[in-house]
Amino acid sequence: MPANQTTTGSLLTALCPDLRATLTRIGYDADTLLTALGEDVHAALGRSEPVPVRRAARALGELGTLIRLLLLGDALPEREVSAALAPVDVERALAAGLLTRDGDEIRAALDLRPLDAGAGNRWILSDLDDSMRRRTLTEDHVLGVGHASLSLLRATPTRPVGTVLDLGTGCGVQAVHAAPYARSVTATDVNPRALWLAEATAALNDLDIELLEGSWFEPVAGRRFDQVVANPPFVVGPARIEHTYRDSGLALDGASELVISRAPDLLAPGGTAAMLSAWVHVDGEDWRHRVSSWLPAHGVDAWVVQRDVADPALYVGTWLRDAGLDPRDPAAQERAERWLDAFAAAGVEGIGFGFVYLRAIDGPTELLAEDLTHGFDDPLGAEASAYFERSAWLRAAAADEGLAWSTRFAVDPATALERVFLPGPEGWDERVARLHRGDGPRWQHEVDGTTISLVAGMRSDGLPLYELVELLALAHGYEDVTPELAADALAVVAGLVRHGLIRPVPSAG
């Protein structure tokens with residue numbers, strides 16, 4: 001057993017089998033909560049509006065008691081809590097740190113909420129936030145399932161793999177999410193309190209997760225994993241640590257640089273990583289170049305998706321509120337001044353946020369960094385897996401040009417051709433034509449008439465690419481395929497394949 005293996009066997013972990021029995025008996029799970037509360041009241045819960053939830057909970061018996069106790073943070077009579085928690089003994093729950101006394105009543109000392117991220121119900125333990133009661137968060141606060149965690153859950157590929165590393169596990173939500181598709185899961189964190197809660201979360205869900213304490217990559221030095229997931233303390237700002245769940249102690253986007261640059265060392269051959277990251281937009285510098293400079297020159301296929309770009313003032317205000325601070329308070333204003341001064345000194349014009357996907361390859365590093373800031377609700381996890389498959393095919397085609405020319409292509413069923421016309425002096429004038437995906441990230445490519453004709457001829461039982469391009473050459477008055485037409489056709493096909501608008505048809509042989 002490694003020296004830093006965490007095996008606390010805490011009172012909270014020991015309580016979990018009985019607690020699981022309680023939650024199962026009452027139906028304290030994601031589906032039952034939605035059904036019992038109804039969509040409107042459940043939405044109010046998500047908006048941090050306790051009154052509608054409390055009114056509905058009063059009619060839900062013991063389930064309502066747990067909703068008020070664990071989700072709203074209400075103080076309740078001990079007799080009522082004891083009945084709802086059976087077979088959990090209240091005194092044991094108090095000693096374990098799950099509950100606390102408030103005069104003659106009982107309150108929750110921890111947040112315990114159900115979550116279904118696509119693999120069935122899970123229960124997640126974390127510290128109480130300020131969603132229902134005003135609180136100032138402590139430095140070792142362990143965040144629950146926030147917007148960032150949910151984004152990463154939806155953006156993580158879930159194809160079966162052998163080993164998964166959750167780097168900086170926090171409450172353990174990513175590790176718990178990985179358990180159904182991984183043979184084994186390892187989770188690390190520098191915060192002992194986070195590991196205390198992650199251990200209990202794993203026990204509550206009857207999962208076996210290896211937990212290691214240590215900073216960044218130290219706990220897993222020399223090890224390799226089939227998949228790495230990371231929601232690191234990526235908040236961009238001065239070099240300080242006010243809250244370990246978000247602050248790294250590294251200036252600006254140093255945390256993202258560290259994780260992106262070192263994560264390839266953790267990947268087994270063909271292994272992948274899915275990470276949340278942030279990067280600064282600096283005057284005169286392309287953010288893509290900044291992120292690309294963090295990658296090694298060899299061994300990585302990287303796909304970087306920028307989902308949002310925030311103004312510095314908006315960014316600072318958002319994270320002040322995240323810590324339970326009111327931006328109108330003098331102390332918060334002083335903190336904001338220092339934060340914005342650091343941005344100004346570094347020439348920061350904006351802060352980008354998004355997902356970084358890596359795959360270990362045997363070859364020169366490749367990078368596609370692009371914006372996906374339009375409205376998009378579908379998860380990116382499956383898309384990332386498909387992206388790396390398409391990217392691998394394109395590498396093979398680049399190494400053997402004959403592969404592309406001899407391949408038949410099919411248009412994805414979700415691909416549509418869109419033509420935009422605007423009024424002109426002689427009627428409608430076509431201004432732009434686009435091929436766009438109707439599913440997934442809904443990528444769009446502006447195309448000309450030649451590309452439209454090329455794609456129109458693509459069928460799984462049709463002609464290979466070279467014969468289609470020969471027909472185009474003849475239609476344009478050429479006796480043979482010119483080098484320019486050939487290069488253009490290969491470039492167009494590569495772009496459309498990369499974004500999944502067309503796909504190579506496997507050879508029957």
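## Exercises on a predicted chain

Of the 509 residues of the chain, 50% count as buried (under 20% relative accessible area, with a 1.4 Å probe and protein chains only). The model is predicted: local features need pLDDT of at least 70, side-chain atom pairs count only at pLDDT 80 or more, and totals for chains, interfaces and linings use all residues. Residues are numbered from 1 along each chain as its sequence is written, and side-chain values use heavy atoms, leaving out hydrogens and water.

**Exercise 1.** State how many helices and strands the chain has.

*Solution.* Start with the terms. Both are DSSP runs: helices are H or I with at least four residues, strands are E with at least two. The count is 19 helices and 18 strands.

**Exercise 2.** Describe residues 26-109.

*Solution.* Take the record first. An unreviewed UniProt entry annotates these residues as "domain: DUF7059"; such annotations may be inferred rather than shown by experiment. Next, the make-up: 61% helix and 12% strand. Last, the ends: their C-alpha atoms are 20 Å apart.

**Exercise 3.** Find what separates the centres of domain 1 and domain 2.

*Solution.* Get the bounds from the domain assignment, which is automatic or from a database. Domain 1 is 1-114 and domain 2 is 400-505. Then take the centres over C-alpha atoms: 56 Å separate them. For the whole chain, the C-alpha atoms fill a box of roughly 95 × 60 × 50 Å along the principal axes.

**Exercise 4.** Give the share of contacts between residues 24 or more positions apart.

*Solution.* A contact means heavy atoms within 4.5 Å. Keep contacts with a separation of 6 or more. Residues 24 or more positions apart account for 68% of these.
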